[in-house]
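Have the model open as you read.

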Amino acid sequence: LALEQDLRRALETPNSELLLVYQPQVHLDSGEIYGVEALIRWHHPQRGSIPPNRFIPIAEESNLIIRLGEWVLETACHQAQLWEAQGLPPLRVAVNVSGRQFEDPQFYQRLVQILRRFNRKPGALELELTETSLVRDPDTSVRILNQLKALGVSIAIDDFGTGFSSLSYLQRFPFDILKIDRCFVAGIQHHRKNAIITEAVIEMAHKIGLRAIAEGIETPEERTCLQQLGCDQGQGYFFHRPLPALELSQLLRSR
Ligand code: G
Ligand code: G
Ligand code: MN
Ligand code: NA
């Protein structure tokens, strides 16, 4: 496949077509930025920008996702180190991890090496996983998640409410953060059922010791509604778009 070959080449060429952008995550009450989610972007020399929804699945079908996932972790940790050296306040960086990457037997050890190499505290890293990537081999997933948790890394369940797995996984996996999918957030102030479901999810999350963050907040009405439903944190275009590293540091400095 042409795209797969191009991706392989992009990964082997340093400083090339791949980059990370960083979307601020804020406290809903104050709007204060406490962290960022790293999101990959690919600018293909001929095809232009290719969205991750196109190329992540291709990387997952081959073994390329292992290398790609490592590149994402290295780049995010290196960037966090640079921000720290610039005197910016400490930021937690959240990184998306795909199922195939997470299941790799060397994942944990490589992660430890990357944290060490860039002098990062595990507590400053958050890994975002989806239900679907954890339920293929739940016993192994639980074991690795417990190792990560013992290391001090935070674990978020991404796209919550969109998968097909049962609620028992919430009790079984040691999550710290629940990310409410944007399909619940869009127009929530007009959708009574959505609001009721979301409120129940937030309450449940809190009662079992998780924080709740709403994704894809685009309007002030959505923000206010989620705040009233008890949601702690949020991210979305209403607050900030995903930004290149330099723009993010300028934003933080201007505040
Ligand atoms: O940034 P955007 O909304 O286009 O992302 C689309 C999808 O791609 C989301 O599901 C997001 O989780 C995923 N994604 C973005 N960056 C990464 C990454 O670095 N690794 C993995 N595995 N998925 C990513
Ligand atoms: O699956 P995951 O949650 O990792 O994907 C996050 C995706 O959502 C990224 O591709 C990011 O670019 C996108 N995103 C972030 N904020 C908003 C928003 O306010 N609205 C929409 N439609 N997408 C958003
Ligand atoms: Mn995510
Ligand atoms: Na999500």
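## Helix α1 against α3

Helix α1 passes α3 in a left-handed crossing, meaning that the near helix is turned anticlockwise from the far one by less than a right angle. The two, α1 and helix α3 (residues 64-85), pack at about 35 degrees with axes 11 Å apart. Axes here are lines fitted to C-alpha atoms over the stretch in contact, with angles running from 0 to 180 degrees between N-to-C directions. Helices are DSSP runs (H or I, at least four residues), numbered from the N terminus.

On the α1 side the contact uses E4, L7, R8 and L11, and on the α3 side L64, R67, L68 and W71 (contact: C-beta atoms, placed from the backbone, within 7 Å).

## Helix α1 against α2

Helix α1 (residues 2-12) also packs on α2 (residues 52-61), at about 90 degrees and with axes 10 Å apart. That makes the pair roughly perpendicular (65 to 115 degrees). L3, E4 and L7 of α1 meet F55, I58 and A59 of α2.

R54 sits in α2. R54 counts as exposed because it has 12 other C-beta atoms within 10 Å (the cut-off is 12 or fewer).

## Around ligand 2

Of 13 residues around ligand 2, N96, G216, E218, G236 and Y237 come nearest (near: C-beta atom, placed from the backbone, within 6 Å).

## About the model

This is a predicted model, where local features need pLDDT of at least 70, side-chain atom pairs count only at 80 or more, and totals for chains, interfaces and linings use all residues. Residues are numbered from 1 along each chain as its sequence is written, while chains are lettered from A and ligands numbered from 1 in the order in which they are written.

Key:
Parallel < 35°, antiparallel > 145°, perpendicular 65-115°, else oblique. Contact = placed C-beta atoms within 7 Å. Buried ≥ 20, exposed ≤ 12 C-beta atoms within 10 Å, placed from the backbone.
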